[in-house]
Amino acid sequence: MGRQECRYEHFYIGGEWVGASTGHVITPVNPSTEVALGSVPKALEADVDAAVDAARRAFDERGGWSGWEPGRRAEVMERFATEIEARAGRIAELVSLQNGMPISMSRQLEAGYPTEVLRYYAGLARTTDFSEVRGGLLGGSIEVRHVPVGVAAAIVPWNYPQVLSMFKIAPAMAAGCTVVLKPSPEAVFDSFLVAEAAEAAGVPAGVLNVVPGGREAGAHLVAHPGVDKVAFTGSTPAGRVVAETCGRLLRPVTLELGGKSAGIILDDAELDPATIGEDLIRATLTNNGQTCFLSTRILAPRSRYAEVVDLVTELARTLPVGDAMDENTLIGPLTTAHQRERVEGHIAKGRSEGGRITTGGGRPVGLDKGWFIEPTVFADVGSGFGVAQEEIFGPVLCVLPYDDVDDAVRIANDSDYGLGGTVWTSDPERGAAVARRVRTGTIGVNRYLPDPVAPFGGVKASGLGTELGPEGLESYLQIQSVYC
Ligand code: NAD
(Lines give C-alpha, C1' and ligand atoms only; values in the text may rest on other atoms or scores of the structure.)
Protein backbone atom coordinates (compact mmCIF):
# COMPACT_ATOMS: atom_id res chain seq x y z
CA MET A 1 0.00 0.00 0.00
CA GLY A 2 1.17 3.54 -0.68
CA ARG A 3 0.22 6.42 1.55
CA GLN A 4 -3.28 6.76 0.09
CA GLU A 5 -6.36 6.57 2.27
CA CYS A 6 -7.13 3.28 3.95
CA ARG A 7 -10.74 2.35 4.59
CA TYR A 8 -12.50 -0.66 6.07
CA GLU A 9 -16.25 -0.87 6.53
CA HIS A 10 -16.73 -4.23 8.23
CA PHE A 11 -15.55 -6.12 11.28
CA TYR A 12 -14.14 -9.63 11.03
CA ILE A 13 -16.57 -11.71 13.10
CA GLY A 14 -17.32 -15.43 12.85
CA GLY A 15 -15.22 -15.77 9.69
CA GLU A 16 -17.21 -13.11 7.86
CA TRP A 17 -16.96 -9.41 7.14
CA VAL A 18 -19.87 -8.02 9.12
CA GLY A 19 -21.35 -4.51 9.01
CA ALA A 20 -21.10 -2.38 12.15
CA SER A 21 -24.09 -1.89 14.44
CA THR A 22 -23.75 1.91 14.15
CA GLY A 23 -22.10 4.44 11.86
CA HIS A 24 -19.38 5.31 14.40
CA VAL A 25 -15.88 5.28 12.94
CA ILE A 26 -12.26 5.46 14.07
CA THR A 27 -10.11 7.86 12.04
CA PRO A 28 -6.39 7.35 12.75
CA VAL A 29 -4.05 10.24 11.95
CA ASN A 30 -0.46 10.01 10.71
CA PRO A 31 1.61 11.39 13.62
CA SER A 32 4.47 12.37 11.27
CA THR A 33 2.29 14.63 9.11
CA GLU A 34 -0.97 15.13 11.08
CA VAL A 35 -2.86 13.98 7.95
CA ALA A 36 -5.90 11.70 8.37
CA LEU A 37 -5.23 8.17 7.15
CA GLY A 38 -8.75 6.83 6.59
CA SER A 39 -11.30 5.06 8.73
CA VAL A 40 -12.54 1.81 10.17
CA PRO A 41 -15.80 1.10 11.96
CA LYS A 42 -15.74 1.60 15.70
CA ALA A 43 -17.05 -1.29 17.77
CA LEU A 44 -19.70 -0.52 20.34
CA GLU A 45 -21.35 -2.97 22.73
CA ALA A 46 -23.51 -4.75 20.11
CA ASP A 47 -20.45 -5.41 17.93
CA VAL A 48 -18.49 -6.76 20.88
CA ASP A 49 -21.49 -8.98 21.72
CA ALA A 50 -21.52 -10.35 18.17
CA ALA A 51 -17.78 -11.07 18.30
CA VAL A 52 -18.02 -12.84 21.67
CA ASP A 53 -21.01 -14.88 20.45
CA ALA A 54 -19.05 -16.00 17.39
CA ALA A 55 -16.01 -16.91 19.50
CA ARG A 56 -18.27 -18.71 21.98
CA ARG A 57 -19.96 -20.79 19.26
CA ALA A 58 -16.60 -21.68 17.71
CA PHE A 59 -15.25 -22.74 21.10
CA ASP A 60 -18.30 -24.71 22.22
CA GLU A 61 -18.84 -26.54 18.93
CA ARG A 62 -18.42 -30.25 19.56
CA GLY A 63 -15.50 -31.59 17.56
CA GLY A 64 -14.57 -28.01 16.68
CA TRP A 65 -11.33 -26.03 17.15
CA SER A 66 -11.00 -26.66 20.90
CA GLY A 67 -11.42 -30.40 20.37
CA TRP A 68 -9.01 -30.65 17.44
CA GLU A 69 -5.85 -32.65 17.82
CA PRO A 70 -3.17 -29.97 18.59
CA GLY A 71 -1.07 -30.85 15.52
CA ARG A 72 -4.03 -29.98 13.33
CA ARG A 73 -4.27 -26.58 15.00
CA ALA A 74 -0.53 -26.14 14.44
CA GLU A 75 -0.96 -26.67 10.68
CA VAL A 76 -3.53 -23.89 10.55
CA MET A 77 -1.27 -21.62 12.61
CA GLU A 78 1.63 -22.20 10.24
CA ARG A 79 -0.55 -21.34 7.23
CA PHE A 80 -1.68 -18.25 9.13
CA ALA A 81 1.98 -17.24 9.65
CA THR A 82 2.65 -17.67 5.93
CA GLU A 83 -0.33 -15.46 5.05
CA ILE A 84 0.81 -12.77 7.49
CA GLU A 85 4.30 -12.92 5.95
CA ALA A 86 2.73 -12.35 2.53
CA ARG A 87 1.35 -9.06 3.92
CA ALA A 88 4.43 -8.10 5.95
CA GLY A 89 5.42 -5.07 3.88
CA ARG A 90 1.97 -3.50 4.13
CA ILE A 91 1.69 -4.32 7.80
CA ALA A 92 5.00 -2.56 8.56
CA GLU A 93 3.94 0.51 6.56
CA LEU A 94 0.55 0.69 8.22
CA VAL A 95 2.03 0.43 11.71
CA SER A 96 4.55 3.22 11.03
CA LEU A 97 1.93 5.42 9.38
CA GLN A 98 -0.31 5.09 12.42
CA ASN A 99 1.97 5.09 15.45
CA GLY A 100 5.18 6.73 14.19
CA MET A 101 7.45 3.73 14.71
CA PRO A 102 10.47 4.16 12.37
CA ILE A 103 9.82 2.00 9.31
CA SER A 104 13.17 0.19 9.55
CA MET A 105 12.08 -0.94 13.01
CA SER A 106 8.48 -1.88 12.21
CA ARG A 107 9.67 -4.13 9.37
CA GLN A 108 11.67 -6.15 11.88
CA LEU A 109 9.58 -5.90 15.01
CA GLU A 110 6.01 -5.56 13.85
CA ALA A 111 6.13 -7.47 10.57
CA GLY A 112 8.81 -10.10 11.29
CA TYR A 113 8.78 -11.00 14.97
CA PRO A 114 5.02 -11.82 15.33
CA THR A 115 5.18 -14.66 12.80
CA GLU A 116 8.15 -16.12 14.69
CA VAL A 117 5.97 -16.10 17.79
CA LEU A 118 3.12 -17.75 15.87
CA ARG A 119 5.39 -20.49 14.50
CA TYR A 120 6.95 -21.01 17.93
CA TYR A 121 3.52 -21.67 19.46
CA ALA A 122 2.55 -23.92 16.54
CA GLY A 123 5.64 -25.95 17.46
CA LEU A 124 4.65 -25.98 21.14
CA ALA A 125 1.14 -27.18 20.23
CA ARG A 126 2.81 -30.19 18.59
CA THR A 127 5.21 -31.01 21.42
CA THR A 128 3.25 -30.17 24.57
CA ASP A 129 1.62 -32.97 26.53
CA PHE A 130 -1.89 -31.78 27.16
CA SER A 131 -2.71 -34.84 29.25
CA GLU A 132 -0.80 -36.94 31.76
CA VAL A 133 -1.73 -40.06 33.71
CA ARG A 134 -0.52 -40.41 37.32
CA GLY A 135 -0.80 -43.38 39.62
CA GLY A 136 -3.00 -42.36 42.56
CA LEU A 137 -1.74 -42.51 46.17
CA LEU A 138 -5.17 -43.80 47.12
CA GLY A 139 -5.33 -46.33 44.33
CA GLY A 140 -6.49 -46.08 40.74
CA SER A 141 -5.09 -43.60 38.31
CA ILE A 142 -5.67 -39.96 37.59
CA GLU A 143 -5.73 -38.23 34.26
CA VAL A 144 -4.47 -34.65 34.55
CA ARG A 145 -5.80 -32.72 31.56
CA HIS A 146 -4.68 -29.28 30.40
CA VAL A 147 -7.73 -28.00 28.57
CA PRO A 148 -8.28 -24.70 26.78
CA VAL A 149 -9.70 -22.05 29.07
CA GLY A 150 -12.30 -20.91 26.54
CA VAL A 151 -12.98 -17.56 24.88
CA ALA A 152 -10.05 -15.18 25.33
CA ALA A 153 -10.47 -11.41 25.22
CA ALA A 154 -7.26 -9.82 23.91
CA ILE A 155 -6.89 -6.07 24.48
CA VAL A 156 -3.81 -4.28 23.15
CA PRO A 157 -2.36 -0.75 23.02
CA TRP A 158 -1.05 1.15 20.00
CA ASN A 159 2.70 1.01 20.53
CA TYR A 160 3.31 -2.53 19.22
CA PRO A 161 -0.10 -3.49 17.85
CA GLN A 162 1.10 -6.58 15.98
CA VAL A 163 3.57 -7.98 18.49
CA LEU A 164 1.26 -7.55 21.45
CA SER A 165 -1.71 -9.04 19.60
CA MET A 166 0.34 -12.08 18.61
CA PHE A 167 1.61 -12.56 22.18
CA LYS A 168 -2.05 -13.41 22.89
CA ILE A 169 -3.43 -14.88 19.65
CA ALA A 170 -0.62 -17.43 19.19
CA PRO A 171 -0.71 -19.16 22.61
CA ALA A 172 -4.51 -18.93 22.67
CA MET A 173 -4.76 -20.72 19.31
CA ALA A 174 -2.17 -23.31 20.32
CA ALA A 175 -4.18 -24.04 23.47
CA GLY A 176 -7.46 -24.40 21.54
CA CYS A 177 -9.03 -21.15 22.70
CA THR A 178 -10.93 -18.75 20.50
CA VAL A 179 -10.13 -15.05 20.53
CA VAL A 180 -11.80 -11.66 20.41
CA LEU A 181 -9.13 -9.07 19.64
CA LYS A 182 -9.78 -5.43 20.49
CA PRO A 183 -7.08 -3.22 19.00
CA SER A 184 -6.54 0.32 20.24
CA PRO A 185 -8.15 3.11 18.15
CA GLU A 186 -4.77 4.71 17.33
CA ALA A 187 -3.47 1.61 15.48
CA VAL A 188 -6.19 -0.41 13.79
CA PHE A 189 -5.59 -0.87 10.05
CA ASP A 190 -2.93 -3.53 10.54
CA SER A 191 -5.37 -5.68 12.53
CA PHE A 192 -7.58 -5.93 9.43
CA LEU A 193 -4.65 -7.39 7.49
CA VAL A 194 -4.25 -10.01 10.20
CA ALA A 195 -7.95 -10.83 9.86
CA GLU A 196 -7.52 -11.12 6.07
CA ALA A 197 -4.54 -13.42 6.65
CA ALA A 198 -6.60 -15.58 9.01
CA GLU A 199 -9.36 -15.87 6.44
CA ALA A 200 -6.90 -16.72 3.64
CA ALA A 201 -5.19 -19.33 5.85
CA GLY A 202 -8.46 -21.11 6.57
CA VAL A 203 -8.52 -20.33 10.29
CA PRO A 204 -11.95 -21.73 11.21
CA ALA A 205 -14.79 -19.25 11.55
CA GLY A 206 -14.97 -17.62 14.97
CA VAL A 207 -11.50 -18.64 16.12
CA LEU A 208 -10.26 -15.07 15.61
CA ASN A 209 -12.58 -12.07 15.70
CA VAL A 210 -11.40 -8.46 15.36
CA VAL A 211 -13.37 -5.51 16.76
CA PRO A 212 -11.41 -2.25 17.15
CA GLY A 213 -12.86 0.17 19.65
CA GLY A 214 -12.21 2.45 22.54
CA ARG A 215 -11.99 1.82 26.26
CA GLU A 216 -15.78 1.44 26.59
CA ALA A 217 -15.72 -1.44 24.11
CA GLY A 218 -12.73 -2.85 26.02
CA ALA A 219 -14.53 -2.61 29.36
CA HIS A 220 -17.63 -4.27 27.88
CA LEU A 221 -15.48 -7.09 26.52
CA VAL A 222 -13.67 -7.63 29.84
CA ALA A 223 -16.96 -7.98 31.73
CA HIS A 224 -18.79 -9.97 29.03
CA PRO A 225 -20.40 -13.17 30.39
CA GLY A 226 -19.25 -15.05 27.28
CA VAL A 227 -15.57 -14.39 27.98
CA ASP A 228 -13.49 -16.89 30.00
CA LYS A 229 -10.09 -15.19 30.12
CA VAL A 230 -8.73 -11.68 29.65
CA ALA A 231 -5.28 -10.84 28.31
CA PHE A 232 -4.63 -7.11 28.66
CA THR A 233 -1.64 -4.97 27.69
CA GLY A 234 -1.79 -1.28 28.46
CA SER A 235 -1.29 1.32 31.14
CA THR A 236 -1.19 0.49 34.84
CA PRO A 237 -4.29 2.62 35.68
CA ALA A 238 -6.38 0.83 33.01
CA GLY A 239 -4.92 -2.52 34.11
CA ARG A 240 -6.13 -1.92 37.65
CA VAL A 241 -9.69 -1.31 36.36
CA VAL A 242 -9.52 -4.52 34.28
CA ALA A 243 -8.15 -6.43 37.28
CA GLU A 244 -10.98 -5.21 39.51
CA THR A 245 -13.59 -6.46 37.04
CA CYS A 246 -11.83 -9.79 36.64
CA GLY A 247 -11.45 -10.11 40.40
CA ARG A 248 -15.17 -9.61 40.90
CA LEU A 249 -15.98 -12.14 38.17
CA LEU A 250 -13.21 -14.57 39.26
CA ARG A 251 -12.02 -14.44 35.66
CA PRO A 252 -8.40 -15.38 34.87
CA VAL A 253 -6.44 -12.37 33.66
CA THR A 254 -2.93 -11.55 32.48
CA LEU A 255 -1.85 -7.94 32.76
CA GLU A 256 1.17 -6.48 30.95
CA LEU A 257 1.36 -2.92 32.21
CA GLY A 258 3.67 0.07 32.50
CA GLY A 259 7.34 0.25 33.40
CA LYS A 260 10.20 2.49 34.47
CA SER A 261 13.16 0.18 34.23
CA ALA A 262 16.75 0.77 35.28
CA GLY A 263 19.87 0.44 33.14
CA ILE A 264 22.74 -0.15 35.56
CA ILE A 265 26.10 0.78 34.10
CA LEU A 266 28.79 -0.98 36.15
CA ASP A 267 32.17 0.66 36.72
CA ASP A 268 33.90 -1.77 34.33
CA ALA A 269 31.60 -1.04 31.37
CA GLU A 270 33.15 -0.11 28.06
CA LEU A 271 31.79 3.38 27.38
CA ASP A 272 32.85 3.60 23.76
CA PRO A 273 29.84 4.54 21.55
CA ALA A 274 31.10 2.12 18.89
CA THR A 275 30.85 -0.78 21.35
CA ILE A 276 27.88 0.00 23.54
CA GLY A 277 26.02 2.67 21.53
CA GLU A 278 23.63 0.66 19.39
CA ASP A 279 22.55 -1.76 22.12
CA LEU A 280 22.20 1.04 24.67
CA ILE A 281 20.00 3.10 22.34
CA ARG A 282 17.92 0.02 21.57
CA ALA A 283 17.47 -0.72 25.28
CA THR A 284 16.55 2.86 26.22
CA LEU A 285 14.85 4.63 23.29
CA THR A 286 13.33 2.03 20.95
CA ASN A 287 10.13 3.13 19.23
CA ASN A 288 10.57 6.80 20.18
CA GLY A 289 10.62 5.87 23.84
CA GLN A 290 7.13 4.38 23.56
CA THR A 291 8.08 0.91 24.75
CA CYS A 292 7.09 -0.50 28.12
CA PHE A 293 10.36 -2.24 29.07
CA LEU A 294 12.90 0.51 28.26
CA SER A 295 15.76 1.19 30.69
CA THR A 296 14.92 4.89 30.96
CA ARG A 297 16.60 5.33 34.36
CA ILE A 298 20.30 5.03 33.62
CA LEU A 299 22.31 4.43 36.79
CA ALA A 300 25.96 5.47 36.59
CA PRO A 301 28.81 4.94 39.10
CA ARG A 302 29.64 8.29 40.71
CA SER A 303 33.29 7.84 39.67
CA ARG A 304 32.28 7.75 35.99
CA TYR A 305 29.11 9.83 36.15
CA ALA A 306 30.29 12.65 33.85
CA GLU A 307 31.54 10.12 31.30
CA VAL A 308 28.19 8.30 31.23
CA VAL A 309 26.24 11.58 30.96
CA ASP A 310 28.44 12.62 28.02
CA LEU A 311 28.00 9.26 26.30
CA VAL A 312 24.21 9.15 26.67
CA THR A 313 23.92 12.82 25.68
CA GLU A 314 25.97 12.33 22.55
CA LEU A 315 24.09 9.19 21.54
CA ALA A 316 20.69 10.87 22.01
CA ARG A 317 21.78 14.16 20.37
CA THR A 318 22.89 12.49 17.15
CA LEU A 319 19.85 10.25 16.57
CA PRO A 320 18.10 11.18 13.30
CA VAL A 321 14.60 12.49 14.11
CA GLY A 322 12.03 12.58 11.33
CA ASP A 323 9.09 11.12 9.43
CA ALA A 324 8.56 7.51 10.47
CA MET A 325 8.43 6.46 6.81
CA ASP A 326 11.95 7.77 6.15
CA GLU A 327 14.44 4.89 6.07
CA ASN A 328 17.02 6.98 7.96
CA THR A 329 14.76 7.92 10.86
CA LEU A 330 15.62 6.43 14.22
CA ILE A 331 13.29 8.64 16.30
CA GLY A 332 9.83 9.25 14.86
CA PRO A 333 6.99 11.29 16.33
CA LEU A 334 4.95 10.44 19.39
CA THR A 335 1.73 8.68 18.44
CA THR A 336 -0.75 11.37 19.44
CA ALA A 337 -0.78 15.09 20.19
CA HIS A 338 -2.01 14.20 23.68
CA GLN A 339 0.96 11.88 24.17
CA ARG A 340 3.37 14.69 23.24
CA GLU A 341 1.65 17.06 25.68
CA ARG A 342 2.04 14.46 28.42
CA VAL A 343 5.73 14.04 27.66
CA GLU A 344 6.25 17.81 27.59
CA GLY A 345 4.57 17.98 30.98
CA HIS A 346 7.06 15.43 32.35
CA ILE A 347 9.98 17.42 30.90
CA ALA A 348 8.71 20.63 32.52
CA LYS A 349 8.37 18.78 35.81
CA GLY A 350 11.91 17.39 35.56
CA ARG A 351 13.22 20.92 35.00
CA SER A 352 11.29 22.31 37.95
CA GLU A 353 12.61 19.48 40.17
CA GLY A 354 16.18 20.60 39.39
CA GLY A 355 17.09 18.14 36.64
CA ARG A 356 19.72 19.43 34.19
CA ILE A 357 18.85 18.91 30.52
CA THR A 358 21.99 17.98 28.60
CA THR A 359 20.32 17.58 25.22
CA GLY A 360 16.81 18.06 23.81
CA GLY A 361 13.97 19.27 25.98
CA GLY A 362 11.84 20.73 23.21
CA ARG A 363 10.37 20.24 19.76
CA PRO A 364 12.90 19.73 16.95
CA VAL A 365 13.54 22.74 14.73
CA GLY A 366 12.31 22.38 11.15
CA LEU A 367 9.65 19.75 11.87
CA ASP A 368 6.59 21.97 11.99
CA LYS A 369 4.08 19.22 11.35
CA GLY A 370 3.93 16.03 13.36
CA TRP A 371 4.09 15.31 17.07
CA PHE A 372 7.85 15.28 17.41
CA ILE A 373 9.89 15.77 20.52
CA GLU A 374 13.67 15.90 20.73
CA PRO A 375 15.44 12.96 22.40
CA THR A 376 16.03 14.40 25.86
CA VAL A 377 18.51 13.56 28.59
CA PHE A 378 18.28 14.69 32.21
CA ALA A 379 21.37 14.67 34.44
CA ASP A 380 21.59 15.40 38.18
CA VAL A 381 18.40 13.46 38.83
CA GLY A 382 17.61 11.97 42.24
CA SER A 383 15.68 8.73 42.60
CA GLY A 384 12.77 10.58 44.21
CA PHE A 385 12.24 12.93 41.24
CA GLY A 386 9.02 12.50 39.27
CA VAL A 387 11.03 11.98 36.07
CA ALA A 388 12.83 9.08 37.75
CA GLN A 389 9.65 7.46 39.09
CA GLU A 390 6.87 8.06 36.54
CA GLU A 391 6.51 6.29 33.22
CA ILE A 392 7.07 9.04 30.63
CA PHE A 393 6.55 6.96 27.45
CA GLY A 394 8.59 9.25 25.23
CA PRO A 395 12.27 9.73 24.29
CA VAL A 396 13.33 11.02 27.70
CA LEU A 397 16.16 9.50 29.75
CA CYS A 398 17.45 10.31 33.23
CA VAL A 399 20.97 9.60 34.43
CA LEU A 400 21.26 8.99 38.18
CA PRO A 401 24.52 8.58 40.13
CA TYR A 402 25.15 5.67 42.52
CA ASP A 403 27.88 5.03 45.12
CA ASP A 404 28.45 1.28 44.88
CA VAL A 405 26.70 -1.82 43.52
CA ASP A 406 24.47 -2.15 46.60
CA ASP A 407 23.38 1.46 46.08
CA ALA A 408 22.73 0.79 42.37
CA VAL A 409 20.53 -2.22 43.20
CA ARG A 410 18.71 -0.17 45.86
CA ILE A 411 17.96 2.63 43.36
CA ALA A 412 16.96 0.13 40.66
CA ASN A 413 14.47 -1.41 43.10
CA ASP A 414 13.21 1.98 44.27
CA SER A 415 10.30 1.88 41.83
CA ASP A 416 6.63 0.98 41.81
CA TYR A 417 7.33 -0.87 38.58
CA GLY A 418 9.26 -4.05 37.75
CA LEU A 419 9.09 -4.90 34.07
CA GLY A 420 12.52 -4.77 32.35
CA GLY A 421 16.03 -3.55 32.97
CA THR A 422 19.62 -3.95 31.88
CA VAL A 423 23.13 -4.24 33.33
CA TRP A 424 26.13 -3.02 31.33
CA THR A 425 29.57 -4.46 32.06
CA SER A 426 32.66 -5.99 30.51
CA ASP A 427 32.16 -9.01 32.79
CA PRO A 428 28.87 -10.74 31.83
CA GLU A 429 28.94 -13.08 34.86
CA ARG A 430 29.25 -10.14 37.23
CA GLY A 431 26.46 -8.46 35.26
CA ALA A 432 24.18 -11.51 35.63
CA ALA A 433 24.83 -11.60 39.39
CA VAL A 434 23.74 -7.95 39.68
CA ALA A 435 20.78 -8.58 37.35
CA ARG A 436 19.48 -11.32 39.66
CA ARG A 437 19.24 -8.79 42.51
CA VAL A 438 16.87 -6.48 40.63
CA ARG A 439 13.20 -7.08 41.37
CA THR A 440 11.84 -7.21 37.85
CA GLY A 441 10.18 -9.69 35.49
CA THR A 442 12.88 -9.52 32.83
CA ILE A 443 16.40 -8.08 32.63
CA GLY A 444 19.26 -8.19 30.13
CA VAL A 445 23.03 -8.09 30.36
CA ASN A 446 24.60 -5.79 27.72
CA ARG A 447 21.42 -6.04 25.62
CA TYR A 448 17.69 -6.39 26.03
CA LEU A 449 15.73 -8.59 23.68
CA PRO A 450 12.54 -10.43 24.70
CA ASP A 451 13.00 -13.91 23.27
CA PRO A 452 9.85 -15.90 22.36
CA VAL A 453 11.02 -18.89 24.39
CA ALA A 454 11.39 -16.89 27.63
CA PRO A 455 8.45 -15.81 29.79
CA PHE A 456 7.88 -12.06 29.57
CA GLY A 457 5.98 -10.15 32.23
CA GLY A 458 6.19 -7.69 35.05
CA VAL A 459 6.07 -7.65 38.83
CA LYS A 460 4.69 -4.97 41.18
CA ALA A 461 2.73 -2.33 39.22
CA SER A 462 4.00 -3.73 35.91
CA GLY A 463 1.51 -6.55 35.87
CA LEU A 464 0.41 -10.06 36.69
CA GLY A 465 1.24 -13.27 34.88
CA THR A 466 3.44 -13.77 31.85
CA GLU A 467 3.31 -14.04 28.10
CA LEU A 468 5.69 -15.96 25.81
CA GLY A 469 7.47 -19.23 26.47
CA PRO A 470 5.66 -22.41 27.50
CA GLU A 471 4.41 -20.38 30.50
CA GLY A 472 2.52 -18.14 28.06
CA LEU A 473 0.71 -21.22 26.75
CA GLU A 474 -0.22 -22.34 30.27
CA SER A 475 -2.14 -19.14 30.85
CA TYR A 476 -4.63 -20.24 28.16
CA LEU A 477 -5.06 -23.68 29.72
CA GLN A 478 -6.89 -24.84 32.81
CA ILE A 479 -6.45 -28.10 34.64
CA GLN A 480 -8.93 -30.90 35.09
CA SER A 481 -8.15 -34.00 37.19
CA VAL A 482 -10.15 -37.10 36.25
CA TYR A 483 -10.03 -39.77 39.00
CA CYS A 484 -10.33 -43.20 37.42
P1 NAD B 1 -4.24 2.23 27.72
O2 NAD B 1 -4.24 1.50 29.00
O3 NAD B 1 -4.86 3.57 27.67
O4 NAD B 1 -4.98 1.37 26.60
C5 NAD B 1 -4.56 0.08 26.24
C6 NAD B 1 -5.73 -0.68 25.63
O7 NAD B 1 -6.71 -0.90 26.64
C8 NAD B 1 -6.46 0.07 24.53
O9 NAD B 1 -6.92 -0.88 23.58
C10 NAD B 1 -7.63 0.71 25.25
O11 NAD B 1 -8.72 0.97 24.40
C12 NAD B 1 -7.96 -0.36 26.27
N13 NAD B 1 -8.56 0.10 27.52
C14 NAD B 1 -8.33 1.26 28.18
N15 NAD B 1 -9.04 1.29 29.33
C16 NAD B 1 -9.72 0.12 29.40
C17 NAD B 1 -10.62 -0.47 30.34
N18 NAD B 1 -10.97 0.16 31.45
N19 NAD B 1 -11.11 -1.70 30.09
C20 NAD B 1 -10.74 -2.37 28.97
N21 NAD B 1 -9.93 -1.86 28.03
C22 NAD B 1 -9.42 -0.63 28.24
O23 NAD B 1 -2.71 2.26 27.27
P24 NAD B 1 -2.05 2.99 26.02
O25 NAD B 1 -1.84 4.42 26.36
O26 NAD B 1 -2.81 2.64 24.79
O27 NAD B 1 -0.64 2.22 25.97
C28 NAD B 1 0.49 2.63 26.64
C29 NAD B 1 0.66 1.84 27.93
O30 NAD B 1 0.78 0.45 27.66
C31 NAD B 1 1.94 2.21 28.66
O32 NAD B 1 1.67 2.34 30.04
C33 NAD B 1 2.85 1.01 28.41
O34 NAD B 1 3.85 0.83 29.37
C35 NAD B 1 1.88 -0.10 28.38
N36 NAD B 1 2.47 -1.26 27.68
C37 NAD B 1 2.83 -2.36 28.40
C38 NAD B 1 3.43 -3.44 27.78
C39 NAD B 1 3.86 -4.67 28.55
O40 NAD B 1 4.10 -5.70 27.93
N41 NAD B 1 3.98 -4.60 29.85
C42 NAD B 1 3.65 -3.41 26.41
C43 NAD B 1 3.28 -2.27 25.71
C44 NAD B 1 2.67 -1.20 26.36
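This is a predicted model: local features need pLDDT of at least 70, side-chain atom pairs count only at pLDDT 80 or more; totals for chains, interfaces and linings use all residues.
**Figure 1. Aromatic pairs, with Trp17 and Phe192 as the stacked example.** The count of aromatic pairs in the model comes to ten. One of these is formed by Trp17 and Phe192, whose rings are stacked at 6.3 Å centre to centre, with 20° between the planes. Because Trp17 lies in strand β3 (residues 16-19) and Phe192 in helix α7 (residues 189-201), the pair ties together parts that are 175 residues apart in sequence. Trp17 is partly exposed, with a relative accessible area of 29%, whereas Phe192 is buried, with a relative accessible area of 1%.

**Figure 2. The edge-to-face pair of Tyr120 and Tyr121.** The rings of Tyr120 and Tyr121 form an aromatic pair that is edge-to-face, at 5.1 Å centre to centre and with 70° between the planes. Tyr120 has a relative accessible area of 19% and is buried, a class that requires a value under 20%; Tyr121, at 0% relative accessibility, counts as buried as well. Leaving out residues up to four places away in sequence, Tyr121 touches Met77, Ala170, Pro171, Ala174, Leu468, Gly469, Gly472 and Leu473.

**Figure 3. A cluster of rings that includes Phe456.** Ring pairs link Tyr113, Phe167, Phe293, Tyr448 and Phe456 into a cluster. Phe456 is also among the residues touched by Glu256, the subject of the next view.

Figure 4. In the model, Glu256 is found in strand β12 (residues 253-256) and is buried, with a relative accessible area of 4%. Not counting residues up to four places away in sequence, Glu256 touches Phe232, Thr233, Gly234, Leu419, Phe456, Gly457, Gly458, Ser462, Gly465, Thr466 and Glu467. The same record, again as an unreviewed entry, places the feature "domain: Aldehyde dehydrogenase" at residues 17-482; over residues 17-482 the chain is 40% helix and 17% strand, and the end C-alpha atoms are 41 Å apart.

**Figure 5. The nonpolar cores.** The largest nonpolar core has 100 residues, and those with the most contacts inside it are Phe80, Tyr121, Leu208 and Val399. Helix α6 (residues 161-175) supplies the largest share of this core, namely ten residues. At least three residues are drawn from each of domain 1 (6-257 + 461-483) and domain 2 (262-451). Apart from this core lies another, of 26 residues, among them Leu266, Phe385, Val387 and Ile411. In soluble globular proteins, nonpolar side chains tend to be buried together.

**Figure 6. The contact between the two domains.** The protein chain is divided into domain 1 (6-257 + 461-483) and domain 2 (262-451), and 31 Å separate the centres of these domains, taken over C-alpha atoms. The contact between them takes 30 residues from domain 1 and 32 residues from domain 2.

**Figure 7. Asn159 in its loop.** Asn159 is placed in the loop between β8 (151-155) and α6, where, at 4% relative accessibility, Asn159 counts as buried. Beyond residues up to four places away in sequence, which are not counted, Asn159 touches Asn99, Met101, Leu164, Asn287, Gln290, Thr291, Cys292 and Phe393.

**Figure 8. Val179 in strand β9.** Val179 lies in strand β9 (residues 178-182) and, at 1% relative accessibility, counts as buried. With neighbours within four places in sequence left aside, Val179 is in contact with Ala55, Ala152, Ala154, Ile169, Ala172, Val207, Leu208 and Asn209; of these, Leu208 is named among the residues with the most contacts inside the largest nonpolar core. Val179 and Thr254 are 75 residues apart in sequence and 14 Å apart in space, C-alpha to C-alpha.

Notes. Residues are numbered from 1 along each chain as its sequence is written. Side-chain values use heavy atoms; hydrogens and water are left out. Rings of Phe, Tyr and Trp (its six-membered ring) pair if their centres lie within 6.5 Å; planes under 30 degrees apart count as stacked, over 60 as edge-to-face and the rest as tilted. Helices (H or I, at least four residues) and strands (E, at least two) are DSSP runs, numbered from the N terminus. Buried means under 20% relative accessible area, exposed over 50%, partly exposed in between (1.4 Å probe, protein chains only). Contact means heavy atoms within 4.5 Å. A nonpolar core is a set of buried Ala, Val, Leu, Ile, Met, Phe, Trp, Tyr and Cys residues joined through side-chain atoms within 4.5 Å. Domain bounds come from an automatic or database domain assignment. UniProt positions are given in the numbering used here, feature names are shortened, and annotations may be inferred rather than shown by experiment.
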